[in-house]
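Dear colleague,

Please find below the structure that I am handing over to you. My notes on what was found in it follow directly after.

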Amino acid sequence: MTTRADEASPGVRTEYDIKAAFLYKFALFVEWPAGTFAAGDSPFTIGILGDDPFGPRLEAVVGGKKVRGRPIRFRRFAAIEEALPGSCHLLFVSASERDRVNRIVAALATSAILTVGDTADYTAAGVAINLFVRDRNMRFAINKAAAERSGLRISSQLLDLAVAPEESKSRGGAP
Amino acid sequence: MSTRTRHGTVCRRRARIRFRQMLVSACAAIMTASASIAETAPDLADLSIQELMALKVAEVSTPSRFPQKPADAPASVTVITAEEIKLFGYRTLAEALQSVRGFHVTYDRSYAYVGVRGFSRPSDYNSRILVLVDGHRLNENIFGSVLMGREFVLDVDMIDRIEVVRGPTSSLYGSGAFFGVVNVITKRSADLAPMEASVEAGSFGARKARVAFAGKAGGVEYVLWGSYFASEGPQRLHFPEFDAPETNGGIAEDLDGEWADNLYLRLAWGDWTLSAAYVWRKKDIPTASWDTFFNDPRNHAVDARWYGDLAWRRALSPASEARVRFSFDGYLYTADYPIEPETADTAGLGRDETHGSAIGAEALWTRRWAAHTLTLGAETHRHLRQDQSYSLVRPRDVLFDSRRDSADYGVYAQDQYSIGSNLLLNAGARWDHYESFGGAFNPRLSLIFHPWQSGALKLLYGTAYRAPNVYELFYETPGEWLPNPKLKPERIETHETVFEQAMPGGLAVALCVYRFHLSDLIAQADEMPFMFQNRGNATGVGAEIELEWRHRRGVQTRASYARQRAEDDETGSRLPNSPKNLLKFNLMAPVWRDRLHTGVEAQYTSLMLNPVERETPSVDGYWTANWTLFSRALVKGMDVSATVYNLFDTRYAFPSAGEFLQEKIEQDGRTLRVKLTYRF
């Protein structure tokens, strides 16, 4: 049905609604090193670095959920300096940071922060997980080495579902 | 396709609304449906990763020829999904398009015609709208037409979604993308069960069967299906214009039958996709159009359309993609016109025969870098046959026989430039060359501004053209009708402003205001010698509003209103067949869990003027409503649906073109269809 294209149909949702749900899933299928959280019920923080493509949809989709008993908090950052350890656990690096991605990855190299992006070549640049659309389905590629450098452990289930980075190049879609 | 090329016929120029009752009933139906809504669809975050990966992302690929969010598209876009086709019981592409904001569909018991934004020339055979199937151009090369009823090349059940792009799009697609582009995207093998069988039955002896196979064998994904349709049609159709003893008291008996066969194959292997489609349709003609004998069972037309398409698509790098397409197209049209009684000496029958075939090639390259997405493309067609003839059947006498061939080609470029994080510029142009008239240059320029979250303001400008077709250029009948090889293309220039806003709670609104100017419209001359000429200019202005509400529990409502005014520049009068107001209302809702759903639609089309030569100046506005009950997996793998069309049995009619003696063409009353689909 219409104005917002076909999202009205069951099984069809807007891109950033689906991506928001994926951020939450990643939080569930990745283990942070011991000592990352101060207490058993300390909040889990999802950060957005750069222009926020989610808008209110992130809170709408993920708000109220818990990550292993921890409530989820959201923060928006304008520069990587604000997103250093302690400020968040999962950091979505927006496409607006494309020119600075190398510097961002370097700054976070040893932090226990899971980096997620949705921009071509982000995995090669060292972002741990990169979301992309192929044939109108959401897929993701994982840079395992980059994730492990931060001391994170990605579950084998997530690794099995990931697409190999070299396969993630093809965009696909309708003619 | 059309009965219009009949030799010797030189274009003769010449409702009840149960408004309140319907509104009340529609409201009652909605309230009943809403009251019984059951919990469905869990929140996104509750889905498993596998389920999330199976979801489809809302994006459109027709407006810019690469996938993008609808809010970034340089046009106002409507998408009709497979779910809507099921839940509203659409039987043809034309019926699906009737639900689209600003569209109105008419039917003359031969073909269905789609009007856009108040423009629909009676009998234009949909040549001012471009229809694609998976990107393959469907408009044929004799009349430039696309057949959208049962004569459409696909079974609607095999459609995944229909992207409807409003506005001129010749900058990417060339000729015919005049009022818009309709891209019909077929279901892929992954969307289908290994085998699916469907049977249906409806009023007037309508019955249909379809069987589809899908899967993967040796790395090749395949989809193969075929369907058969037949309908006896109403047994007695009354046309008061023929009220006379010698014309059976105006009753056409058993003369509205229709038969259609469809066949489709799609093979996908790596970067390659091969697809082929075929449709054959025969329609009895009850209207005795083109001065033929009334109530004569010989009156019928057959249309067949087929194509083969080999496409290659590869990502050259993360940022660039190349596509190449080779295609073959065919079209065959035959119609018999009873003009004399059959005797031992003569069949008394005239016959139109039209045969078109073409081969084509297209290459397209898209590259993203920094803030730019650049698209470059080239396309060519070699029309091997563009043959038309008219002959008397027995004794055989060929009165007109034109065998033509031609070629055309076009090159185009487009850049989408992200000027800032909330501003997009999409600029493109295409240059085409035709043997008949030479070159055509068509730009499109759009500025898309996102002033805040989920809001888009689009400023759109574009031009489009429609190349004169070989029927308009070369049709002739000695002494009466002359060819006119000097015809120029028709042109349209459009300015449009679109505002789209998604709001919390699943609410979305779209507003459009537009103005278009048509020049050099091709029309028949009023006086001898008869021929087609570039002789009309027209202007259209309009505004549209659409509201959509998607409730968490699976209730979806859409309502739109279009106000439109299309006028002839010379006379200042409204164009015929152009309703001033269009109202559409659609509701989908679960009734019982995920098992029983309902789809209700109601549509209002306001008064339409008849062509000026008619005694009756206009046909009345009318409301219609359709109601579907759909049950998913009642028994494992089985869907059952029932639809009542024209629920309130409204009497309504459409304006008639010059080839009819009828002042207007009455439509069917209430009809039914039940359908059963089983997935193995």
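**Findings in chain A and chain B**

With a relative accessible area of 0%, A141(A) is buried. Please note at the outset that this is a predicted model. The residue A141(A) belongs to strand β9 (residues 137–142) of chain A.

A second residue of interest in chain A is E97(A), which is located in the loop between β6 (90–93) and α3 (101–108). Is E97(A) buried or exposed? Its relative accessibility is 5%, and E97(A) therefore counts as buried, the cut-off being under 20%. Leaving aside residues up to four places away in sequence, E97(A) is in contact with L49(A), G50(A), D51(A), I104(A) and Y122(A).

Chain A also provides a charge placed over an aromatic ring: the charged end of R70(A) sits over the ring of F37(A), at 3.8 Å from its centre. In chain B, the charged end of R117(B) sits over the ring of Y514(B), 4.1 Å from the ring centre.

**Confidence in chain A**

The mean pLDDT of chain A is 83, and 87% of its residues reach 70 or more. Confidence in chain A is highest in β6(A), at 95, and lowest in strand β1 (residues 12–13), at a mean of 75. Two stretches call for caution. Over residues 1–9 of chain A, pLDDT stays under 50, and the model has 54 contacts for them beyond four places in sequence. Residues 169–175 of chain A also have a pLDDT below 50, with 30 contacts in the model beyond near neighbours in sequence. Where pLDDT is low, the predicted coordinates should not be read in detail.

**A sheet in chain B**

Chain B contains an open sheet of five strands with mixed pairing, in the order β2-β7-β8-β5-β6. Its edge strands, each pairing on one side only, are β2 (77–81) and β6 (136–137). Within chain B, strand β7 (residues 159–166) and strand β8 (residues 180–186) pair in the antiparallel sense over seven bridges. V165(B) is found opposite V181(B) in β8(B).

**Salt bridges**

Side chains of opposite charge can pair when their charged atoms come close. Over all chains, the count comes to 57 salt bridges. Three of them in chain B are described here.

- E544(B) forms a salt bridge with R166(B), and their closest N and O atoms are 3.9 Å apart. This pair links distant parts of the chain, with E544(B) in strand β27 (residues 532–550) and R166(B) in strand β7, 378 residues apart. E544(B) counts as buried because its relative accessibility is 3%, and R166(B) is likewise buried at 3%.
- E151(B) forms a salt bridge with R281(B), the closest N and O atoms being 3.3 Å apart. Here too distant parts of the chain are linked: E151(B) is in the loop between β6 and β7 of chain B, R281(B) is in strand β15 (residues 272–284), and 130 residues separate them. Both E151(B) and R281(B) are buried.
- D124(B) and R128(B) form a salt bridge in which the closest N and O atoms are 3.1 Å apart. Both D124(B) and R128(B) are buried.

Which residues are linked with E544(B) and R166(B) in a network of salt bridges? The network also takes in R101(B), R117(B), E496(B) and E546(B).

**Aromatic rings**

A pair of aromatic rings is described by the distance of the centres and the angle of the planes. A search of the whole structure finds 37 aromatic pairs over all chains. One of them is formed by F437(B) and Y465(B); it is edge-to-face, with 6.3 Å from centre to centre and 70° between the planes. The pair links distant parts of the chain, 28 residues apart: F437(B) lies in the loop between β22 (423–434) and β23 (438–449), and Y465(B) in strand β24 (residues 455–466). F437(B) is buried, with a relative accessible area of 18%, and Y465(B) counts as buried at 0% relative accessibility.

Chain B also holds an aromatic cluster, whose members include Y111(B), Y113(B), Y125(B), F143(B), Y333(B) and W481(B).

With kind regards

Methods. Residues are numbered from 1 along each chain as its sequence is written. Chains are lettered from A and ligands numbered from 1 in the order in which they are written. This is a predicted model: local features need pLDDT of at least 70, side-chain atom pairs count only at pLDDT 80 or more; totals for chains, interfaces and linings use all residues. Side-chain values use heavy atoms; hydrogens and water are left out. Helices (H or I, at least four residues) and strands (E, at least two) are DSSP runs, numbered from the N terminus. Buried means under 20% relative accessible area, exposed over 50%, partly exposed in between (1.4 Å probe, protein chains only). Contact means heavy atoms within 4.5 Å. Two strands pair if DSSP finds at least two bridges between them. Rings of Phe, Tyr and Trp (its six-membered ring) pair if their centres lie within 6.5 Å; planes under 30 degrees apart count as stacked, over 60 as edge-to-face and the rest as tilted. A charge sits over a ring if NZ of Lys or CZ of Arg is within 6 Å of the ring centre and within 35 degrees of the ring normal. A salt bridge is a side-chain nitrogen of Lys or Arg within 4 Å of a carboxyl oxygen of Asp or Glu. pLDDT is the predictor's confidence in each residue, from 0 to 100.
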